[in-house]
Amino acid sequence: MKRLNNLYYSKRIKELLAELQTAGTTLVVAPMGYGKTLAVQYFLQEQERCGKKVLRQSIYGAGAEAFWQGVCHSWQNTELGAALLQQSLPADANAKTLVLELFRQLLPQEPVYWFIDDLHLLESSEVIDFLFALSKAGFADLHLLLVSRGQIFDGSRLLELGRKVFCLDKHDLALQRDELAEYSSRCGLQLTSQQLDALHEACEGWFSVTYLNFLNYDRYQRFCLDTGSVYEMIANVLLRPLPSEQQRLLLLMGQPEEFTPEQVAYAYGTSCRESVGRLLECNAFIIRLANGRLRCHHMLKQATRHAFGLLPEAEQQMYFRRLGQWYAQQKEYEEALDWLYRGRDFDGLLAAVQQLRDWSMHPQHRQHLFDWLCECPPEILWQYPQAVLIIMRRMFSLNMVPEMLQVKEWYVTALERNTALSQRERDNYYGELEVILSFLAFNSITGMSEHHRRAYKLLSGAPQTLSKQGIWTFGAPSVLGLYLRTGCSLRQTVEDMQECMPPYYLLSGWHGAGAAELTEAEALLLQGRIDEMDMTLQKAYYQAEKHGQECITICCDFLEMQRNLFRGVYSSKAEAYSRHQWQLQPWKQSMLLNTADMCAGFYYALLGKPEYIPSWLTDGNGQQPSVLYPARPCRNYISAQCLLAQGQYTELLVRWSDWEQECRPYSNFLCLLYLQVQRAAAFAGRGDVTSCRASLKQALAMAEADKLVLPLAQNIALLRPYLEQEAQGECSAAAAAALHLGQQMEAGRGQIMSARFAEAGLQELTEQELQIAQLAAARHTNREIAQRLSLSEGTIKQYLNKIFAKLQIDAAAKNKRHQLERFFSNS
């Protein structure tokens, strides 16, 4: 009796698969048709029989977003899965740190086998980076099984993983000559030794081609050893010999990535369960998945899709339409969209969109958003204003502003022509439109507020467009860095924020709570009014913590760090941020880790401890998705300050033009001011007096009207002599105020350095340096020290410069000996 569809695993393969039980990560890499997936599935089924937990994920597209959706789906119904749903695919170091921490804390306390198939279909380096980080972490109970046609990790990464990774390739999976003989015997074929030799030589152990030859031999008593294409073999062996109905059914099976027999029967349009059953019984290229669905092997899928494309267009559209309707009936609306569009069923498509209020979108939908509305007949479009609204919302997030404005006109027309809407429904739709249009007014506080006020009057409930869980600051640590648009507008900006935020709180359920108070506190800090900001800063803290707005709390911490520099108080929060030992729950958005890095980086740059600055802030990787686009100007001026602290003056000047341009789209005046000051400081560091003075004059002119002296004071070490000159010029008030505030910061910084870093600094001194430092701290002159130690005054001066550098004492400061004295008294 022939048993051609029986799976065969040799003793050698079983022994290799047993190694997967001890491997942290297994890489199975071989061309198509070598039985990669079937071999891993066989192993996993054995583990399931032993009660082990198995997760399966198949890759069906190139997009990173779809991959992450698959990750979350794989871990659903677990505590880890709930946490991963709050994240996106980790694309930077902080995001990876956070997600790996989630795995460490929330992995089930039992062995878990996580199988990810068809990684070759991905076109995302971020996915591979994540999988490598996960493999490198080496969680004891997590076994990662990765299958691909091509290389997954390069040679250097494989070396780095070492024994943490186990590899199988096509040579391991290929049928050997004796295994081919045993396989054919188990299938019930009686082959001669010569036939086996010829088949093994022609197929080279290629499992799928061997199987196709077995089918062909069983039917025609001959092998297909001279065919030029495996797809032609599939067509000749599996497709063309079928009756017409079964041919159509097989073509339909090859269209979805996964399917059920009921789905195929529905798409075909008549009762055909028996025919579907016969196809499944006699075709080993159709794989039954753990979720109960079926999937065609890639080779069969490609062959059937090619044949399907030869059908008349009207017939293809009919089948596409039925497939889309099937998904819609199953409430799988995202899956339904593309099928309904291909089937030209716009009524069904827009009805499906209306079910997707929290639509994350598959990558392919991005290409079709505008096409759907352009090609939809107007009389259908007018019946679905809610669907148009949802598409508009997605367009804004994709920066499709021109298309969005055109769709706005269609939306209004749809509302006006839909006579079935009640006045309340119509008002709610207009209210949602106002919320969406408010984003187009960013970063005009009053412009956005006009939309918010109109939305509040129109809506009968909370808007669907806003989420209290979103990051109100876009990841920036400074509110005025986002919203201060011009010079001479600081007071007005504070007043506008105080007036406009309360209506927004009512509309959004306290999204961004504390921002109004925070803006006033930041304005006081920028003007150097240090002692006046305490009350408003505490109010901002209170509102943010009361309403769960972590992004505002971090901004409060950023102000507190800068304020405490003037008071000589070391910031424990900066230390906690730099080590990621902070109190955000681990399932909050990873972007806030990058905000914390920016806070710590800026603080340590001002403190003069560049070794504590997170490396990504200065590494020049402008494409790193560390914050959302509106917050990038804030990130840039923080990066510039970090480069100054590292003495990378030329690097700052090289990048300056790009940074300056990123401040223009939203008129980020404060960020422009910082960059202008930092440019002057970089020129000063290079000794370019002319350029420094020109840049400093521009910065002083920008700062003068609103007395924004903080950026100048924070760069006093490099700018002091130039500010002293400008204190006699046109902007004398701003220059004098900056000098006074800068001296306060230097004094506070000196206290922190002597109190916090004295012992570590003193340990770096040599015996000779320590002796000279003690004499200098006792107020001996250079001449007296030179006479006592039988050295020249010049040598003593060189020693003292080294001592000041090791102890982080500003070489330009006038009270160096006093700071040195404090080092010894504190230690």
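This briefing describes the predicted model of one protein chain, from its overall make-up down to single residues.

Residues are numbered from 1 along each chain as its sequence is written, and side-chain values use heavy atoms, with hydrogens and water left out. Because the model is predicted, local features need pLDDT of at least 70 and side-chain atom pairs count only at pLDDT 80 or more, while totals for chains, interfaces and linings use all residues.

**Overall dimensions and contacts**

- The C-alpha trace spans about 105 × 80 × 45 Å along its principal axes.
- Contact means heavy atoms within 4.5 Å.
- Among contacts between residues at least 6 apart in sequence, 70% join residues at least 24 apart.

**Nonpolar cores**

- A nonpolar core is a set of buried Ala, Val, Leu, Ile, Met, Phe, Trp, Tyr and Cys residues joined through side-chain atoms within 4.5 Å.
- The largest one holds 120 residues, and W472 and L723 touch the most other members.
- Helix 35 (residues 669-686) supplies the largest share of this core, with 13 residues.
- A second, separate core has 92 residues, including L323, F370, L389 and Y429.
- Setting aside residues up to four places away in sequence, W472 touches V479, Y483, M497, M501, Y504, H511, G512, A515, C551 and I552.

**Helix 17 and helix 18**

- Helix 17 covers residues 313-329, and helix 18 covers residues 333-342.
- Their axes come within 7 Å and cross at roughly 160°. Axes are lines fitted to C-alpha atoms, for helices over the stretch in contact, and angles run from 0 to 180 degrees between N-to-C directions.
- The two helices are therefore roughly antiparallel. Angles over 145 degrees count that way, those under 35 as roughly parallel, 65 to 115 as roughly perpendicular, and the rest as oblique.
- Helix 17 passes helix 18 in a left-handed crossing. That term applies if the near helix is turned anticlockwise from the far one by less than a right angle; clockwise is right-handed.
- From helix 17, Q317, F320, R321, L323, G324, Q325, Y327 and A328 take part. They meet Y333, E335, A336, W339, L340 and R342 in helix 18.
- By class, this contact has eight nonpolar, three polar and three charged residues. Ala, Val, Leu, Ile, Met, Phe, Trp, Tyr, Cys and Pro count as nonpolar, Asp, Glu, Lys and Arg as charged, and the others, Gly among them, as polar.

**Helix 10 and helix 11**

- Helix 10 (residues 193-203) and helix 11 (residues 207-220) pack at about 140°, with axes 10 Å apart.
- That angle makes helix 10 oblique to helix 11.
- Helix 10 passes helix 11 in a right-handed crossing.
- Q195, L199 and C203 in helix 10 meet V209, T210, N213, F214 and Y217 in helix 11.
- The contact of helix 10 with helix 11 has five nonpolar, three polar and no charged residues.

**Two buried residues in helices**

- Y341 lies in helix 18. It is buried, at a relative accessible area of 10%.
- S639 lies in helix 33 (residues 632-645). It is buried, at 5% relative accessibility.
- Leaving aside neighbours within four places in sequence, S639 contacts L617, T618 and W659.

**Backbone details in loops**

- A cis peptide bond joins F442 and N443, with omega about 5°. N443 sits in the loop between helix 24 (423-438) and helix 25 (445-458).
- S667 is not a glycine, yet its phi is positive, about 55°. This residue is in the loop between helix 34 (649-662) and helix 35. S667 is partly exposed, at 25% relative accessibility.
- K707, also a residue other than glycine, has a positive phi near 60°. K707 is in the loop between helix 36 (689-704) and helix 37 (710-713). K707 is exposed, with a relative accessible area of 56%.

Technical notes: Buried < 20%, exposed > 50% of the residue type's maximum accessible area, 1.4 Å probe, protein only. Helix = DSSP H or I, 4+ residues; strand = E, 2+ residues; numbered from the N terminus.
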